[in-house]
Amino acid sequence: MGTVHAKDVPPEQTVEDVQSTSVGNDIEDYKEHYPCGDGGTTEQRQINLDGVKARVDKIYVDGLCRTKDDIIIDTVKDLFKAKDFQEVIVGAHKVRGKLEGLGCFRNIGIFIDTSSGPDATPEGLEITFHVRELKRIIGGVNTLVGNNEGSLVVGMRMPNMFGRGEKLQTEYSYGSKKTSGFNLSYIKPIRGKFSQVFTSTIFQSGSEWPWSGYKQIERGLLLDFGFNSTPSMRHNLQWEGAWRDVSCLTRSAAFQVREQTGPSLKSSVRHILSLDCRDTPIFPTCGSLVKLTQELAGLGGNIGFVKNDLCLQGNWSILSDMVIQATLQAGFLTRISNNLNVSICDQFFLGGPLTLRGFQTRGVGPHRDGNSLGANAYWASGLHLFTPLPFNPGKGGFGDFFRTHIFVNAGNLGDVYLGQMPDLKEVPKTVRLAYGIGVAVRLGQMARVELNYCMPVLFRREDQPHPGVQFGIGMHFL
């Protein structure tokens, strides 16, 4: 195996210089061995890089100050296994991604050159990664989009505290719908091939739910251990202890809401499995998503239940820039003891621009005095067709942010009890169905905006349909 060296980056050399020099050296070196045409001036020949033997003799990482050598060696050591030039190029970019994932650096440049010195081999290469460490304290003010509202976020973080990617961060957010939140988190990456990360968070959040007539304040501690079992499969094991206080928004809140007000203490363990094979989270053209959340509450406190929530999504390209997307979500909650309670804030709700379009937010299912009560089981599905706008200027243009959106949504929400077989004849009568057309706009790679004209077709008397124009903004849509 070769050697890894940590050096200080020359102050006069910029990342742009590194990248341009890297490309120039690669081309010139291999032009000497594989000339193109007569004199290499008029005719060019494509080179098969996986047929060019190469190996990595040395790796340099320039610009290290606080970061420890052991975590750098663990990150770059797989690059020594490359056997040809294509594997070197691909491996170097993978290492660059791993270095960025440490959360210690920015502006990472790659420089590849032939090996020199007494230990050089005939096909040997030297690879230099030019890094720039993040400042010790970083603060900022930004906006966050999610759950059909916008929030102002003020945050501060201390990256790479002890030289191995540790991070301490704190954030305060205030939303347009009177939601607020504060959290203090310590994040510790753990060395290993499974990308383990341990996170501990102290949090406080406040939210108002006028559709259900209550508001909630929650304070607690969350411990999270995340790891990858495969490159695309992520597991998160969590323990959460939270004190929650539910109170009525108005005096006219339904009796079924008022009887659930007051403080409660929840202690739960949770497992989240995520398998994301999509090419991009917003407007994917292919791939699938599987997310399963399982929660057991009742390990202390006065709240006890078992809760399962499943999300499936598949994407298929049928024509150029035309994508069919199918989604399915389902959840089930059951109480584990008569001595333990289930709060209204633990129930499932359905309806709104982010879930079942064509209905008001939380507009599906049982209502009393205008308040949505939720239920312990639901399912919802969607079939979507995304196409470019008629005036799409082409790839790489402004039109790439827009899609025409045609959809059909169906779902149901209600109480289901173990041991009681539902009447299959009644199932089709309880399905809610809506369809529509609209425009979807991508906001970076984190969120999207939808403006749809919705037509609810099937609904029940207790529901709150929303025919006409509906606006939605968020990260996760049905």
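# A tour of the predicted model

Start with the second largest pocket, which holds about 800 Å³ of space. A pocket here is an open set of points on a 1 Å grid over the protein atoms alone, where a 1.4 Å probe fits, with protein on both sides within 12 Å along at least five of seven lines. Its volume is the space filled by probe spheres set on the points, which are joined across faces, edges and corners.

Select Lys98, Leu102, Gly192, Lys193 and Ser195: of the 27 residues that line this second largest pocket, these are the closest to its centre. A lining residue has an atom within 4 Å of a point. The elements that give two or more residues to this lining are helix H2 (69-76), helix H3 (85-101), E8, E9 and strand E10 (214-230). Helices (H or I, at least four residues) and strands (E, at least two) are DSSP runs numbered from the N terminus. By class, the lining of the second largest pocket has eight nonpolar, eleven polar and eight charged residues. In that count Ala, Val, Leu, Ile, Met, Phe, Trp, Tyr, Cys and Pro are nonpolar, Asp, Glu, Lys and Arg are charged, and the others, Gly among them, are polar.

This is a predicted model, in which local features need pLDDT of at least 70, side-chain atom pairs count only at pLDDT 80 or more, and totals for chains, interfaces and linings use all residues. Residues are numbered from 1 along each chain as its sequence is written, and side-chain values use heavy atoms, with hydrogens and water left out.

Next, select 180-190, strand E8. Strand E7 (residues 167-175) runs antiparallel to E8, and eight bridges join them; two strands pair if DSSP finds at least two bridges between them. Glu171 has Asn183 in E8 as its bridge partner. Four residues separate E7 and E8 in their hairpin, and Lys178 in the turn has a positive phi of about 65°.

On to strand E9 (residues 196-209), which pairs with E8 in the antiparallel sense over eleven bridges.

**Two residues with positive phi**

Most residues other than glycine have a negative phi. Select Asn160, which has a positive phi of about 55° although it is not a glycine. Asn160 sits in the loop between strand E6 (149-159) and E7. Is Asn160 buried or exposed? Asn160 counts as buried, because its relative accessibility is 1%. Buried means under 20% relative accessible area, exposed over 50% and partly exposed in between (1.4 Å probe, protein chains only).

Then go to Asp369, with a positive phi near 55°. Asp369 is placed in the loop between strand E16 (367-368) and strand E17 (371-372). Its relative accessible area is 65%, so Asp369 is exposed.

**Aromatic rings and charges**

A search of the whole structure finds four aromatic pairs. Among them, Trp209 and Trp211 form a tilted pair, at 6.2 Å centre to centre with 55° between the planes. Rings of Phe, Tyr and Trp (its six-membered ring) pair if their centres lie within 6.5 Å; planes under 30 degrees apart count as stacked, over 60 as edge-to-face and the rest as tilted. Trp209 is partly exposed at 27% relative accessibility, and Trp211 is partly exposed at 25%. The rings of Phe225 and Phe227 also form a tilted pair, because their centres are 5.7 Å apart and their planes are at 35°.

For charges over rings, select Arg362: its charged end sits over the ring of Phe349, 3.7 Å from the centre. Arg357 lies over the face of Phe407, at 5.3 Å from the ring centre. The criterion is NZ of Lys or CZ of Arg within 6 Å of the ring centre and within 35 degrees of the ring normal.

**Last stops**

Select Phe359, in the loop between strand E15 (322-335) and E16. Phe359 is buried, with a relative accessible area of 0%. Phe359 and Met455 are 96 residues apart in sequence, and 9.2 Å separates them C-alpha to C-alpha.

Finish at strand E13 (residues 287-301), paired antiparallel with strand E12 (residues 262-276) over ten bridges. Arg270 has Glu295 in E13 as its bridge partner. E13 and strand E14 (residues 305-319) also run antiparallel, joined by eleven bridges, and their hairpin passes through three residues.
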